[in-house]
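Thanks for coming. I will take a few minutes to walk through one structure, going from the whole chain to single residues. Please keep the view open while I talk.

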Amino acid sequence: MSLSLSRQLTETKAAPPIAPNAGTKIRFRHGKSSAFYRTARARTQDYFDRTGKSRFADWTIWSKGAAYLAIAAASYGLILTGHFGPWTMLALANLYGIASLLLAVNLGHDGAHASLARSVWINQAALYGSFMLIGADPYLWQMRHVRSHHVFPNVNGCDIDIDSNLLLRLSPNHPKRWYQRYQHIYAPFVFWLVDIHTVFIQDAHYLFKRKLANMVDIRHPPSVYLSFIACKAAFLAIVFVIPVLVLATPWWEILTGALLMSFVSSCAFVYLLIGTHFSEQTRFPETDEQGLIEHDWATHAMLTSLGWSPCSHFANMIAGGSNAHAAHHLFPNISHARYRELTPIIAATAREFGVPHNVTNFTRMIGSHFRFLKKMGSAEKAQHVSSSAVFTTV
């Protein structure tokens with residue numbers, strides 16, 4: 001392979017990380033280049049050199065993207081014919097919602113990391129087109145995911161995905177509220193609302209905030225505000241306005257169907273991803289008074305990630321590589337088309353250097369997540385204990 005990947009493997013456009021208190025810069029005590037990471041990166045480079053494969057998406061990614069798009073378009077078209085009863089229409093709506101979600105997870109996610117194609121335009125088109133279908137603002141999602149979550153995953157005040165919230169305690173470093181002792185019971189009902197919250201509340205909140213986790217003095221170009229309006233308008237037109245105008249179905253039935261579709265899509269999204277960082281096996285490192293995290297960047301990525309069936313064809317097909325979470329965090333600018341091949345390399349290197357590699361299967365990940373929720377709700381300062389549900393080899 002003629003193009004060296006040494007700088008591209010982990011390239012991100014991250015804002016300088018800022019500690020949540022006193023403006024102290026957060027950093028890793030042992031930096032970014034550990035012996036484990038240098039070896040894993042060299043072996044990954046050797047894999048590409050030997051196989052001649054590209055770090056970008058291959059035909060399998062484009063094929064499943066085309067399949068998900070076709071399913072979404074076909075189900076939506078069938079809805080607009082109005083030739084079906086209410087239960088069939090609801091099933092078609094959910095099929096549209098799931099297909100749109102999988103399109104975003106598999107193509108839009110790679111596009112956000114510039115790993116789908118060499119072309120910036122193609123990456124952005126995939127990101128914006130797929131995320132518009134699910135109503136999430138693509139610019140804001142990319143900002144939070146790449147510039148916050150991937151910089152310091154699971155670090156309090158530096159990873160926007162674990163910001164403290166009123167309903168769920170998702171980190172042992174967050175304050176505990178009395179009712180969160182029941183969060184493992186009521187969490188599934190909260191998960192129903194993730195999509196609605198993202199589309200109508202969270203995105204607007206992020207758009208006007210000037211500080212989010214490790215990102216400070218945030219400024220957006222005017223086009224972002226126009227894009228935000230266009231994204232929300234297009235989503236509402238697709239799921240509500242067009243069906244109301246075309247179908248003879250009462251508007252309240254269409255609205256009910258759209259809400260039920262949102263609930264199902266929310267649960268699908270949450271259960272695919274929630275346990276990859278919020279589980280019994282993942283860690284939530286704290287900084288010292290100088291803003292230092294007591295290990296290196298690559299070890300941090302391994303400590304805070306849990307993969308599920310990372311070498312499974314089926315898991316990779318639906319989860320867009322998020323099932324191979326260690327590979328994704330170590331090499332976010334490589335398409336998930338390569339994660340099945342890279343996972344054994346990472347696992348062997350982790351064993352060699354004594355670095356954790358948390359791997360389980362889907363059902364055990366879900367179980368681990370709910371045990372984690374129960375633990376977070378019952379302990380002031382929860383201690384993590386590795387579960388027998390996790391394996392360290394693949």
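**A buried serine, and what is around it**

Let me start with S266, which counts as buried because its relative accessibility is 2%. Before I go on, note that this is a predicted model. S266 sits in helix α9. Leaving out residues up to four places away in sequence, S266 touches F191, W192, L193, V194 and D195.

Helix α9 covers residues 251–273, and V264 lies in it as well. Is V264 buried, partly exposed or exposed? V264 is partly exposed, with a relative accessible area of 36%. Setting aside neighbours within four places in sequence, V264 is in contact with N94 and I98. In sequence, V264 and I98 are 166 residues apart, yet their C-alpha atoms are 7.9 Å apart in space.

Now the overall picture. The protein has 394 residues, and 54% of them count as buried. It contains 14 helices and four strands. If we take contacts between residues at least 6 apart in sequence, 73% of them join residues at least 24 apart.

Next, a pair of helices. Two packed helices are described by the distance between their axes and the angle between them. Here the pair is α7, residues 194–208, and α8, residues 222–246; their axes come within 12 Å and cross at roughly 180°. Angles over 145 degrees count as roughly antiparallel, so α7 is roughly antiparallel to α8. Which residues of α7 and α8 make the contact? On the α7 side they are T198, V199, F200, D203, A204, L207 and F208. On the α8 side they are V224, Y225, F228, K232, F235 and L236. By type, the residues of this contact divide into 10 nonpolar, one polar and two charged.

Between α7 and α8 there is a loop, and D217 lies in it. D217 counts as exposed, at 57% relative accessibility. Its phi is near 50°, a positive value in a residue other than glycine. For background, most residues other than glycine have a negative phi. A114 is another case, with a positive phi near 55°. You will find A114 in the loop between α3, residues 86–112, and α4, residues 120–134. At 33% relative accessibility, A114 counts as partly exposed.

On to cavities. How many cavities of 30 Å³ or more are there? The count comes to one. The largest cavity has a volume of about 30 Å³. Its lining is made up of A136, D137, L140, W141, R144, T198, Q202 and D203. At least two of the lining residues come from α5, residues 138–149, and at least two from α7. Sorted by type, the lining has three nonpolar, two polar and three charged residues.

Where is H277 found? H277 is in the loop between α9 and β2, the latter being residues 292–293. H277 is buried, with a relative accessible area of 5%. Not counting residues up to four places away in sequence, H277 touches H149, P153, N154, T282, F284, T304, S305, H325 and H329.

Conventions
Residues numbered from 1 in each chain as written. Predicted model: local features only at pLDDT ≥ 70, side-chain atom pairs only at ≥ 80, totals over all residues. Heavy atoms only, no water. Axes fitted to C-alpha atoms, helices over the stretch in contact; angles between N-to-C directions. Parallel < 35°, antiparallel > 145°, perpendicular 65-115°, else oblique. Contact = heavy atoms within 4.5 Å. Nonpolar A, V, L, I, M, F, W, Y, C, P; charged D, E, K, R; others polar. 1 Å grid on protein atoms, 1.4 Å probe; cavity = no way out; pocket = protein on both sides within 12 Å on 5 of 7 lines; lining within 4 Å. Points joined across faces, edges and corners; volume = space filled by probe spheres on them. Buried < 20%, exposed > 50% of the residue type's maximum accessible area, 1.4 Å probe, protein only.
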